[in-house]
Amino acid sequence: MNRLILVNRQYPYTIHVRRDLAPVLPAFPHILLEREAAHALSRLMEELDGWAHIVPVSGWRSFAQQQRIYLDSLRDNGREFTKQFVALPGHSEHQTGLAIDLGLRGENVDFIRPNFPYEGICQRFRELAPAYGFIERYPAGKERVTGISHEPWHFRYVGIPHGEHITRQGLCLEEYLA
């Protein structure tokens with residue numbers, strides 16, 4: 001598994017082999033990550049008692065799932081919104097099995113833009129995530145580099161020590177790989 005694979009508008013995900021996927025939580029068996037990433041997330045959430053307050057919203061997606069999400073968003077939200085928040089099929093990190101969207105547990109969790117604030121348990125997750133190999137993939141101020149709007153709910157597994165280096169240096173994945 002190439003934990004540092006870059007997938008964005010310029011670099012499509014071209015691997016179409018089923019990955020070694022595992023559920024992130026038994027209560028959400030349909031939300032999958034690469035096995036190593038799922039184990040790292042499990043250890044992080046155990047340290048925080050995170051699953052009591054945070055829900056997994058979206059993990060691995062097939063090309064067909066990403067295409068459906070993209071087309072549904074075009075229909076429901078329009079082109080401008082979709083361009084900002086939904087990756088083109090074949091250009092989504094979710095297809096790698098290394099990306100997870102998380103939301104603060106609540107009655108209605110938005111699938112496209114879940115609430116994941118910079119306070120409380122969500123901020124604590126954000127602070128501990130790099131030590132477990134996760135980065136906030138689309139930080140504020142990096143939109144021109146990533147080509148994606150700020151997404152405080154989207155985390156990417158890059159492994160250890162990369163998560164710590166990327167976060168400590170205030171970089172996004174594109175800058176780190178350059």
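Visitor: Is Asp-101 buried or exposed?

Guide: Buried means under 20% relative accessible area, exposed over 50%, and partly exposed in between, with a 1.4 Å probe and protein chains only. Asp-101 is buried, at a relative accessible area of 3%. This is a predicted model, where local features need pLDDT of at least 70, side-chain atom pairs count only at pLDDT 80 or more, and totals for chains, interfaces and linings use all residues. Residues are numbered from 1 along each chain as its sequence is written, and side-chain values use heavy atoms, leaving out hydrogens and water.

Visitor: With which residue does Asp-101 form a salt bridge?

Guide: A salt bridge is a side-chain nitrogen of Lys or Arg within 4 Å of a carboxyl oxygen of Asp or Glu. For Asp-101 the partner is Arg-61, with the closest N and O atoms 3.6 Å apart. Asp-101 lies in strand β4 and Arg-61 in the loop between β3 (54-58) and α2, so the pair ties together parts 40 residues apart in sequence. Strands (E, at least two residues) and helices (H or I, at least four) are DSSP runs, numbered from the N terminus. Arg-61 is also buried, at 8%.

Visitor: Which residues are linked in a network of salt bridges?

Guide: Glu-93, Arg-137, Arg-156 and Glu-174. Between Glu-93 and Arg-137, the closest N and O atoms are 2.6 Å apart. Glu-93 sits in the loop between α3 and β4, and Arg-137 in strand β5 (residues 134-138). Glu-93 is buried at 1% relative accessibility, and Arg-137 at 0%.

Visitor: How many salt bridges does the structure hold?

Guide: The count is 11.
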